[in-house]
Amino acid sequence: MKFLKLTLASVLTLSLGLAAGCSIFSAQPVGAEKAPAAQGAPAKTGDAAAAATKTRMAPAAVGRYYDFDDIQVPNALKLDKKRSLIFRAGKFKAGVLVFTDNLEVQSLINFFIDSMQRDNWVLQGSYKYPRVVLFFAKKGKTAVIHIEESTFSTEVTIWVAPAVD
């Protein structure tokens, strides 16, 4: 009888422990990790996502403009100046900007499609798998955004060139 009570108490304790452990994992509402992407911010992967979510509070801080004043880039991306090149002729600028970080590809696609439309770019076409290439155009310019994900990082390359109207 004592063995039966001890076994029952052990099973009950184990069940309560598992139930409590499972409730820890469901403490965050479903879809809460997608909140930055819904605001136009690219989502990070892994532990960096929690840190990035805490630092991105204001929608205005989602992206910034580098050398092209009509192409917004997510703040989380880091400019690789050694691999970037900007050409200037009069008022026109062209060239390539290379950025890296560990962001989700789909959130980057959503970010660039939304932000480019706000800056009056028109999506002309795209490729997807194994990398993503987005083709944009506006009067006098074309832009190509290449997104490629590797094991530990994501690289975004932005090409801007003149276009014949």
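Reader: Hi! Quick one to start: is Asp70 buried or exposed?

Author: Asp70 counts as buried, since its relative accessibility is 7%. Here buried means under 20% relative accessible area, exposed means over 50%, and partly exposed is in between, with a 1.4 Å probe and protein chains only. Keep in mind that this is a predicted model, where local features need pLDDT of at least 70, side-chain atom pairs count only at pLDDT 80 or more, and totals for chains, interfaces and linings use all residues. Residues are numbered from 1 along each chain as its sequence is written, and side-chain values use heavy atoms, with hydrogens and water left out.

Reader: Thanks! Where is Asp70 found?

Author: Asp70 sits in the loop between β1 (63–65) and β2 (72–74). Strands are DSSP runs of E with at least two residues, helices are runs of H or I with at least four, and the numbering starts from the N terminus.

Reader: And which side chain does the side chain of Asp70 make a polar contact with?

Author: That would be Lys138, at 3.1 Å. A polar contact is a pair of N or O atoms within 3.5 Å; within protein, one must be able to donate a hydrogen and the other to accept it, and residues adjacent in sequence count only if both atoms are side-chain atoms.

Reader: What else is Asp70 in contact with, leaving aside neighbours within four places in sequence?

Author: Besides Lys138, Asp70 is in contact with Tyr65, Met116, Asp119, Trp121 and Lys141. Contact means heavy atoms within 4.5 Å.

Reader: Let's switch to charges. How many salt bridges does the count come to?

Author: The count is 6 salt bridges. The rule asks for a side-chain nitrogen of Lys or Arg within 4 Å of a carboxyl oxygen of Asp or Glu.

Reader: I spotted Arg83. Which residue does Arg83 form a salt bridge with at 2.8 Å?

Author: Glu155 is the partner there, with 2.8 Å between the closest N and O atoms. Arg83 is in the loop between β3 (78–79) and β4 (85–89) while Glu155 is in strand β9, so the pair ties together parts 72 residues apart in sequence. Arg83 also meets Asp80 in a salt bridge, at 3.7 Å from N to O.

Reader: Nice. What about Arg131, which residue does it form a salt bridge with?

Author: Arg131 pairs with Glu148, the closest N and O atoms being 3.7 Å apart. This pair links distant parts of the chain, with Arg131 in the loop between β6 (122–127) and β7, and Glu148 in strand β8, 17 residues apart. There is a network too: salt bridges that share partners join Asp70, Lys138 and Lys141.

Reader: Now the strands. How do β7 and β8 pair?

Author: β7 (residues 132–138) and β8 (residues 141–149) pair in the antiparallel sense over 7 bridges. Strands pair if DSSP finds at least two bridges between them.

Reader: Phe112 and Met116, so let's do α4. Which residues are buried in α4?

Author: Val105, Ser107, Leu108, Ile109, Phe111, Phe112, Ser115 and Met116 are buried in α4. The residue Asn120, which follows α4, has a positive phi near 70 degrees.

Reader: Last one: what is the overall pattern of the protein chain along the sequence?

Author: Read along the sequence, the chain goes α-α-α-β-β-β-β-β-α-β-β-β-β, which comes to 4 helices and 9 strands. Of its 165 residues, 32% count as buried.
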